[in-house]
Amino acid sequence: MPYTDNIRKVTPYVPGEQPKVTGDLIKLNTNENPYPPSPKVKQAIEALPVETMRLYPDVTAAPLAKALAAYHGLKEEQVFVGVGSDDVLATCFLTFFAGKKPVLFPDITYSFYDVWAELYRIPYETLPLTEDFRIRADDYKRENGGIVIANPNAPTSIAQPLPFIEEILTENHDSIVIVDEAYVDFGGETALPLLKKYKNLVITRTFSKSRSFAGMRIGYAMADETLIEALNNVKFSINSYTMNCTAIAYGVASVDDEPYFKKTIAKIVATREKTAEALRELGFTCLPSSANFLFASHKNVPAEEIFTYLKSRNIYVRFFKKPRIDNYLRITIGTDAQMERLIAELRGFLETK
Ligand SMILES: *Cc1c(COP(=O)(O)O)cnc(C)c1O
């Protein structure tokens, strides 16, 4: 048997392009925040003694877990911190989906879920969203080995109300239900109030979008203590020290600046609404967004053509060449000025059609 037979074969997740941001390039393709992190983070960077780096960091990122627990009104033992929510979600898949029944998630959702399922050899089934891209609660009332729902969903931007999440939970006492709240700060309804009642609920969050920390890599999960303990056991079986000391300190500083956080989000939401309106005037349909991006389709011009044109004009948006969504563009909300340039470019291009 050739040694190559022993190599694990995986089809990796493909993230959005990361072009060098130079000159007039506008990057609206990976849902990053256009504003810098809180000024308190800058102070924390200046205050952190380099001596700190000599020692291993706290294994549970305790200062950050504590800050997040206090922020959300939970116990420290109910918070698990990881290197971005991708790390947290991957650990959740490995920890919570060790059964034989298929894990369920929508056909159109964060495209990392099936990659982790394949990597860890977890059986899974994807359930189609409705024609108007909604998740049907009834689809999740069948035997399963776990459920994953992104709420708001990506890349559709659509949020489901809290009773929808509760309906899924009441029907699935025997499965772990993960709610990926990567975008919840931009207008979704959090499942946090359900944590007390449902011991099988896991909520994941990220600092990458609403806290302008994509490059810092911080994500976390909130759940019952027994589930957090299970996550830590798996993590400690791979790599105890995932969170570096700088990320822990800067994360605490970010959580410490609620007014800045609120202000930044309000700006993005206002820009989102303005942009959606301008896109509609140009003949686009935008799904109702509760996120920091719009999912838009033009009535005459194919999405791929617009995508290619925008790229030639140094504006990067995301296009998924996938069934059902290959006539949509996912457009991250940038600053007002960036969105004005996007609209101007689109207007110019569509006038030639
Ligand atoms: C961005 C994103 C994540 C991962 O974010 P990290 O940068 O790894 O924290 C997870 N889920 C969804 C739905 C996302 O859009």
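1. Helices (H or I, at least four residues) and strands (E, at least two) are DSSP runs, numbered from the N terminus.

2. Bear in mind that this is a predicted model, in which local features need pLDDT of at least 70 and side-chain atom pairs count only at pLDDT 80 or more, while totals for chains, interfaces and linings use all residues. Residues are numbered from 1 along each chain as its sequence is written, and side-chain values use heavy atoms, with hydrogens and water left out.

3. For the overall layout, look at the domains, whose bounds come from an automatic or database domain assignment. That assignment gives domain 1 as 19-37 + 259-350 and domain 2 as 39-256. Their C-alpha centres lie 26 Å apart.

4. Now the interface between the two. Contact here means heavy atoms within 4.5 Å, and 27 residues of domain 1 touch 32 residues of domain 2 in that sense. Together the domains bury about 2300 Å², with 62% of it on carbon and sulfur atoms. Buried area is the accessible area (1.4 Å probe) that two parts lose on being put together, summed over both.

5. Next, the helix pairs. Two packed helices are described by the angle between their axes and the distance between the axes. The axes are lines fitted to C-alpha atoms, for helices over the stretch in contact, and angles run from 0 to 180 degrees between N-to-C directions. Angles under 35 degrees count as roughly parallel, over 145 as roughly antiparallel, 65 to 115 as roughly perpendicular and the rest as oblique.

6. The crossing is right-handed. On the α1 side you'll find K40, V41, A44 and I45, meeting A249, Y250, A253 and S254 of α7. By class, this contact has 6 nonpolar, 1 polar and 1 charged residues. For the classes, Ala, Val, Leu, Ile, Met, Phe, Trp, Tyr, Cys and Pro count as nonpolar, Asp, Glu, Lys and Arg as charged, and the others, Gly among them, as polar.

7. Helix α7 also packs with α2 (residues 62-72), at an angle of about 20 degrees and with the axes 8 Å apart. The two are therefore roughly parallel to each other, and they cross in a left-handed way. P63, L64, A67, L68 and Y71 from α2 meet A247, I248, G251, V252 and V255 from α7. That contact divides into 9 nonpolar, 1 polar and no charged residues.

8. A further pair is α9 (residues 303-312) with α10 (residues 336-351), at about 120 degrees with axes 11 Å apart. That makes α9 oblique to α10, and the crossing is right-handed. E305, I306, Y309 and L310 in α9 meet L342, E345, L346 and F349 in α10, giving 6 nonpolar, no polar and 2 charged residues.

9. Finally, some backbone spots to check. Most residues other than glycine have a negative phi, and most peptide bonds are trans. The bond joining N151 and P152 is cis, with omega about -5 degrees. The A154 to P155 bond is cis too, with omega near 0 degrees. P152 sits in the loop between β5 (146-150) and α5 (162-170), and P155 is found in the loop between β5 and α5. S212 is not a glycine, yet has a positive phi of about 55 degrees; look for S212 in the loop between β7 (201-206) and β8 (219-223).

Key: Left-handed = near helix turned anticlockwise from the far one by under 90°.
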